[in-house]
Amino acid sequence: PLPLPVQGLVAAVLCDVPLLAAPPEHNKLAWDDDKRLYRLDFGAPTALWQQVYVDPVTRRVVGAVWFFANDRLASLQYDGAAVGGLPKTLRVKMTKPAADLTLELRDVVADQPIDPAVYAVQCPTGTRTVDLPCDSE
């Protein structure tokens, strides 16, 4: 299974690709002539490893592929002009289990204030509530 928890997928949608932790001797930076992109390899190619592709002009991640040895497990790819600072299209493909997801952003509004009422929880009638202090208090 791919070590990508739900928050990892959310991060990927926001262009924050989760990177595999690997010892320095298993990390490599190379130029991919075919793709005309930088390629970062994380992990040993005999176990779980990852390739991350970076555009040399924008310095943005444009894709990533996860492998176990020679078996491709999953990939994600960003395409299209940025919409609100995010790529227009995100494609995620997995081989086990087989899945193919394409997310296309048409309109993005970022950095907008959020109404505190969104976080107001309506408790069922009769529920006793307790206010707890925040760590900063």
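The dialogue below treats the fold, the surface, the pocket and the aromatic pairs in turn.

Me: What kind of model is this, and what conventions apply?

Reply: This is a predicted model, in which local features need pLDDT of at least 70 and side-chain atom pairs count only at pLDDT 80 or more, while totals for chains, interfaces and linings use all residues. Residues are numbered from 1 along each chain as its sequence is written, and side-chain values use heavy atoms, with hydrogens and water left out.

Me: How many helices and strands are there in the chain?

Reply: Helices (H or I, at least four residues) and strands (E, at least two) are DSSP runs, numbered from the N terminus. Here the chain has 1 helix and 7 strands, in the sequence order α-β-β-β-β-β-β-β.

Me: Which share of the residues is buried?

Reply: Buried means under 20% relative accessible area, exposed over 50%, and partly exposed in between (1.4 Å probe, protein chains only). Of the 137 residues in the chain, 26% are buried.

Me: How is the largest pocket to be read, and which residues lie nearest its centre?

Reply: Rolling a probe the size of a water molecule over the atoms shows where empty space is left. On a 1 Å grid over the protein atoms alone, a pocket is an open set of points where a 1.4 Å probe fits, with protein on both sides within 12 Å along at least five of seven lines; lining residues have an atom within 4 Å of a point. The volume, which is the space filled by probe spheres set on the points, is about 250 Å³ for the largest pocket. Its lining comprises 14 residues, with Val65, Arg72, Ser75, Leu76 and Gln77 nearest the centre. The elements giving two or more residues to this lining are β3 (48–54), β4 (61–68), β5 (71–83) and β6 (86–95).

Me: How many aromatic pairs does the structure hold?

Reply: A pair of aromatic rings is described by the distance of the centres and the angle of the planes. Rings of Phe, Tyr and Trp (its six-membered ring) pair if their centres lie within 6.5 Å; planes under 30 degrees apart count as stacked, over 60 as edge-to-face and the rest as tilted. The structure holds 2 such pairs. Trp31 and Tyr38 are edge-to-face, at 5.2 Å centre to centre and 75° between the planes. Trp31 is partly exposed at 36% relative accessible area, and Tyr38 is partly exposed at 36%. Trp49 and Phe67 are stacked, with 4.4 Å between centres and 15° between the planes.

Me: Why does the pair of Trp49 and Phe67 tie together separate parts of the sequence?

Reply: Trp49 lies in strand β3 and Phe67 in strand β4, so the pair links parts 18 residues apart in sequence. Trp49 is buried at 12% relative accessibility, and Phe67 is buried at 12%.
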